[in-house]
Amino acid sequence: MPRLATARRTAALAAAVGLALATAGCGTGTGQTASGSATSGSTAAGSPEPSAAVAGGPTELPTFDPSSAVATYAQGFPPDLFPVPEDATLLASSAQPAPTSEGAKGSKAKSVAMTQVTLNLSSSRKTDQVIKQAKQILTAQGFKQISAPDSSGLTAQTAFLRITKGKSGEVQESLVVGVLDDGDRRLCSISGTVRTP
């Protein structure tokens, strides 16, 4: 029985790490840049593709979306939005401009620049403590907890909304916090759309 539990834990951890890398923009082969244009198999420095070390082996190294970063805040991510707790580890993050929506006809309000963000953390705290910690951090930033969509296989999930009013009209910022418990640690993902810093 312990062998089965270990196998399940390993599978859950592999899935969670894959999720963290996917949200960080890790991929192979043809990818997309932040502007949405396709990239070929060249490396970040623009050098030609590396050749395979072994016949029949992979011919390309993984590429990372320029809007993502591993183990740090991505460029454009507002770090004050969600400071990493001391007992957590930052795995990956991303930040990219959100599509702008046109204002209503006849409206003089200008659209507010928004950024789509994702932050992936690892924590040794229990699931309910991770959710509570996220709530404390986000409510201190002016967010209010709201009902979340179905957790889609996650151990726990909740959502937060912040509405501010200004000269440009009402701005709604929303974040979803999801937690996956792999038995040894909790993997937490905070993602959504916030005002561009």
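**Why these words apply: strands, burial and a cavity**

Trainee: Which residue stands opposite Thr89 in β7?

Mentor: Thr89 stands opposite Ser122 in β7. This is a predicted model, in which local features need pLDDT of at least 70 and side-chain atom pairs count only at pLDDT 80 or more, while totals for chains, interfaces and linings use all residues. Residues are numbered from 1 along each chain as its sequence is written, and side-chain values use heavy atoms, with hydrogens and water left out.

Trainee: What makes β6 and β7 a pair?

Mentor: Two strands (DSSP runs of E, at least two residues, numbered from the N terminus) pair if DSSP finds at least two bridges between them. β6 and β7 have nine bridges in the antiparallel sense, so they meet that definition. β7 is also joined to strand β11 (residues 186-195) by 10 bridges, again antiparallel, and there Leu121 has Cys188 as its bridge partner.

Trainee: Why is β7 described as largely enclosed?

Mentor: Buried means under 20% relative accessible area, whereas exposed means over 50% and partly exposed lies in between, using a 1.4 Å probe and protein chains only. Nine of the 10 residues of β7 are buried, so the rest of the structure largely encloses this strand.

Trainee: Why is Ser93 called buried?

Mentor: Ser93, which lies in strand β6 (residues 88-97), has a relative accessible area of 1%, and therefore counts as buried. A polar atom of its side chain lies 2.7 Å from the backbone nitrogen of Ala74. Leaving aside neighbours within four places in sequence, Ser93 is in contact (heavy atoms within 4.5 Å) with several residues, including Tyr73, Phe77 and Leu119.

Trainee: And why does Val179 count as buried?

Mentor: Val179, in strand β10 (residues 169-181), has 0% relative accessibility, so it counts as buried. Among the residues in contact with Val179, beyond those within four places in sequence, are Val130 and Cys188.

Trainee: What makes a space a cavity?

Mentor: On a 1 Å grid over the protein atoms alone, a cavity is a set of points where a 1.4 Å probe fits but cannot get out, and its lining residues have an atom within 4 Å of a point. A search of the whole structure finds one cavity of 30 Å³ or more. The largest cavity holds about 60 Å³ of space, and its lining includes Leu121, Val130 and Cys188.

Trainee: Which element gives the most to that lining?

Mentor: α2 gives the most, with three residues; α2 (127-140) is a helix, a DSSP run of H or I with at least four residues.

Notes:
A polar contact is a pair of N or O atoms within 3.5 Å; within protein, one must be able to donate a hydrogen and the other to accept it, and residues adjacent in sequence count only if both atoms are side-chain atoms. On a 1 Å grid over the protein atoms alone, a cavity is a set of points where a 1.4 Å probe fits but cannot get out, and a pocket is an open set with protein on both sides within 12 Å along at least five of seven lines; lining residues have an atom within 4 Å of a point. Grid points are joined across faces, edges and corners, and a volume is the space filled by probe spheres set on the points.
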